[in-house]
Amino acid sequence: MWHHSMIERANEDGTVVFRNGKVISADVIIHCTGYKYYFPFLADVIKDGIVTVDDNRIHPLYKHVFSPAVSPGLSFVGIPQKLLPFPLSEYQSRWIAGCLSNRIELPSEEEMMEDIKAFYSELESSGKPKRHTHYMSDSFYEYMDFLAAQCGCPGHGKMEKGNGLCNL
C-alpha cells in the first residue's frame, strides 16, 4: 500500500495517472478523504443557508443530528468523530426513526437553536477550535446515554466506559 497524490484519472488497463504526472499500475484504489465534511448533494440546502459547513463545523445541528429549520426532515448520521461509530450510528438512527414516525418529539426550532448556541459557547470557552465541533472523545458516553434516553432504551443505554457495550 502506498500513499499518492490526487488521482487525475484511472484507465481501463489498470494504470492510474496522478495530478503530478506519475503513472502506476494498480489492482485496488482506496480513496481516503479524511474527515472533511462536504455535501454536494445538499447544494440547495447549503445555498439557502439552512445548513453550512465552516471550518469543518456543520451548522446548525442539534445534538450533531438534526437541522432545526427542517427537522426531522433533514438529519445526519455519523457526523461525530473520535468515538465508536457503530453504536453511535445505531442510536442516532433509532432517534431519527422515532422522530420521523412521531413517536419521539423534538424540541422547538428555537429551543434547538438555544441548545446549539450554548454548546458553541461551551466549546469556545474551553478553547476548542471550531474544526473540532464534532469531536466526541471526551463526552462519548454522556452523548450515548442522551441518545439512548431519547429512544427510550432500557436503562438509558448504560454505556460502560472502556468496553463499548450497550445493554439494550
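**A glutamine, a loop and a pocket**

Start with Gln 92, which has 0% relative accessibility and therefore counts as buried, the limit being under 20%. Before I go on, note that this is a predicted model.

Where does Gln 92 sit? It is found in helix α2, which covers residues 85-100. What is Gln 92 in contact with, once its neighbours within four places in sequence are left aside? The list is His 64, Val 65, Phe 76, Val 77, Gly 78, Pro 80, Tyr 143 and Leu 147.

Take His 64 from that list. His 64 is found in the loop between β5 and α2. Is His 64 buried or exposed? Its relative accessibility is 6%, so it counts as buried. Its backbone deserves a look as well: phi of His 64 is near 65°, a positive value in a residue other than glycine.

Lys 82 also has a positive phi, about 65°, and is not a glycine either. Lys 82 has its place in the loop between β5 and α2. With 52% relative accessibility, however, Lys 82 counts as exposed, because the limit for that is over 50%.

Pro 60 is placed in the loop between β5, residues 57-59, and α2. The peptide bond leading from His 59 to Pro 60 is cis, and its omega is near -15°. Pro 72 is found in the loop between β5 and α2 as well. Ser 71 and Pro 72 are joined by a cis peptide bond, with omega about 0°.

Now to the empty space. In general, such space is found by rolling a probe the size of a water molecule over the atoms. I will discuss the second largest pocket, which has a volume of about 460 Å³.

How many residues line the second largest pocket? There are 23, and those that lie nearest its centre are His 64, Phe 119, Glu 122, Met 136 and Ser 139.

Sorted by class, the lining of the second largest pocket has 11 nonpolar, 6 polar and 6 charged residues.

To close, go back to His 64: it is in contact with Gln 92, and it is among the residues nearest the centre of the second largest pocket.

Conventions
Residues are numbered from 1 along each chain as its sequence is written. This is a predicted model: local features need pLDDT of at least 70, side-chain atom pairs count only at pLDDT 80 or more; totals for chains, interfaces and linings use all residues. Side-chain values use heavy atoms; hydrogens and water are left out. On a 1 Å grid over the protein atoms alone, a cavity is a set of points where a 1.4 Å probe fits but cannot get out, and a pocket is an open set with protein on both sides within 12 Å along at least five of seven lines; lining residues have an atom within 4 Å of a point. Grid points are joined across faces, edges and corners, and a volume is the space filled by probe spheres set on the points. Ala, Val, Leu, Ile, Met, Phe, Trp, Tyr, Cys and Pro count as nonpolar, Asp, Glu, Lys and Arg as charged, and the others, Gly among them, as polar. Helices (H or I, at least four residues) and strands (E, at least two) are DSSP runs, numbered from the N terminus. Buried means under 20% relative accessible area, exposed over 50%, partly exposed in between (1.4 Å probe, protein chains only). Contact means heavy atoms within 4.5 Å.
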